[in-house]
Amino acid sequence: VLTLAINEKLAGQSVKKNRLAIKSLPGRALKLNGEHYRLPENSHCDMALESIGSVEHQSIWIIENYRCFDQLAAIKLVESAALTEPLVVFRGDHVYQASTVLSLMEKLQLPVLVMGDIDPKGLSIAQSHSNFAGLIAPDMPTLKTYFNDPGKANHKLYEKQLAGCRKALSDSRYPIIKTSWQLIKLHQAGIVQEHWLVGNATLKMHPA
C-alpha cells in the first residue's frame with residue numbers, strides 16, 4: 001500500500017486485524033512464549049495472534065467491557081479466583097476483533113471464564129465460548145441486591161435482548177447460566193459490569 005499512498009488504511013484491513021489485548025491479573029506475571037513479563041497497572045500487551053506460541057497460564061478470562069479490562073486492578077476479587085492463573089483477554093470491539101479471541105481459545109484449549117454483563121446477551125455469549133468453565137461475578141446474594149436497586153437494574157437491556165437470547169438461555173446446559181437467567185427473568189432487567197468498578201462487590205468464580 002505504501003507504493004500507492006501514505007494512508008495505510010487503503011490496504012483494506014483493520015489496523016488491529018488478528019491482534020489481541022491481553023494481560024495478567026494485577027501483581028502477577030504475563031507468561032508468554034517461555035518468558036514472564038511484568039506490566040504496569042492499567043496497561044496491557046497488544047500482540048498478534050500468530051506471535052503467541054505458548055502460555056503458562058491455566059485458564060483464559062474473557063472481559064466484555066474495555067474499561068473493566070483496563071481498570072481490572074480496581075475490581076475486588078476473592079483470593080480463590082486468582083488460583084485459576086488466567087490469561088486475561090479483552091473480548092473485542094470495533095478495534096479488537098472478537099473473532100481473533102475465538103481463534104485464541106481454539107489455539108490454547110484452556111478453560112474459559114467470562115466477566116461480562118449479567119444480561120441476556122452477556123450470558124448467551126458467555127456460554128457460546130468453547131471450553132466455557134464459568135462466570136466471574138459477584139455472589140448471588142449481592143447480585144440480588146443489584147437487581148433490586150433501581151439505580152443498577154437496567155430494564156431496557158432485558159427488553160432489547162430478550163427475543164434474540166431467550167431460546168439459547170432456556171436451553172442452557174450450564175447450572176450457573178440457568179441460575180443467572182432465572183434471576184434476570186424474575187427482575188426483567190440486566191446489570192452492566194461497570195458497576196463492579198465503583199461498588200463494594202467482590203467477584204468470585206462461579207463454575208459452569
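Visitor: Where is the place of Gln-193?

Guide: In this predicted model, Gln-193 lies in the loop between helix 7 and helix 8 (195-198).

Visitor: Is Gln-193 buried or exposed, and which residues does Gln-193 touch?

Guide: Gln-193 counts as buried because its relative accessible area is 0%. Leaving aside residues up to four places away in sequence, Gln-193 touches Ile-63, Glu-64, Asn-65, Cys-68, Met-115, Gly-116 and Asp-117, and its side chain reaches the backbone oxygen of Met-115 at 3.2 Å.

Visitor: Turning to the helix, how should I read the pattern of its buried residues?

Guide: An α-helix has 3.6 residues a turn, so residues three or four places apart point the same way. In helix 7, the buried residues are Ile-176, Ile-177, Ser-180, Trp-181, Leu-183, Ile-184 and His-187. They are on the same side of helix 7 because they cover an arc of only 160° around the axis, whereas Pro-175 and Leu-186, on the other side, are exposed.

Visitor: What do the buried residues of helix 7 pack against?

Guide: They pack against helix 4 (120-128), strand 9 (132-138), helix 5 (140-147), helix 6 (155-170) and strand 10 (202-207).

Visitor: And how does this relate to a nonpolar core?

Guide: In soluble globular proteins, nonpolar side chains tend to be buried together. Here the largest nonpolar core has 62 residues, of which Leu-87, Val-89, Met-115 and Trp-196 touch the most other members; helix 7 (residues 175-187) gives the most to this core, with five residues.

How values were computed:
Residues are numbered from 1 along each chain as its sequence is written. This is a predicted model: local features need pLDDT of at least 70, side-chain atom pairs count only at pLDDT 80 or more; totals for chains, interfaces and linings use all residues. Side-chain values use heavy atoms; hydrogens and water are left out. A nonpolar core is a set of buried Ala, Val, Leu, Ile, Met, Phe, Trp, Tyr and Cys residues joined through side-chain atoms within 4.5 Å. Buried means under 20% relative accessible area, exposed over 50%, partly exposed in between (1.4 Å probe, protein chains only). Helices (H or I, at least four residues) and strands (E, at least two) are DSSP runs, numbered from the N terminus. Contact means heavy atoms within 4.5 Å. A polar contact is a pair of N or O atoms within 3.5 Å; within protein, one must be able to donate a hydrogen and the other to accept it, and residues adjacent in sequence count only if both atoms are side-chain atoms. The arc is that of the directions from the helix axis to the C-beta atoms.
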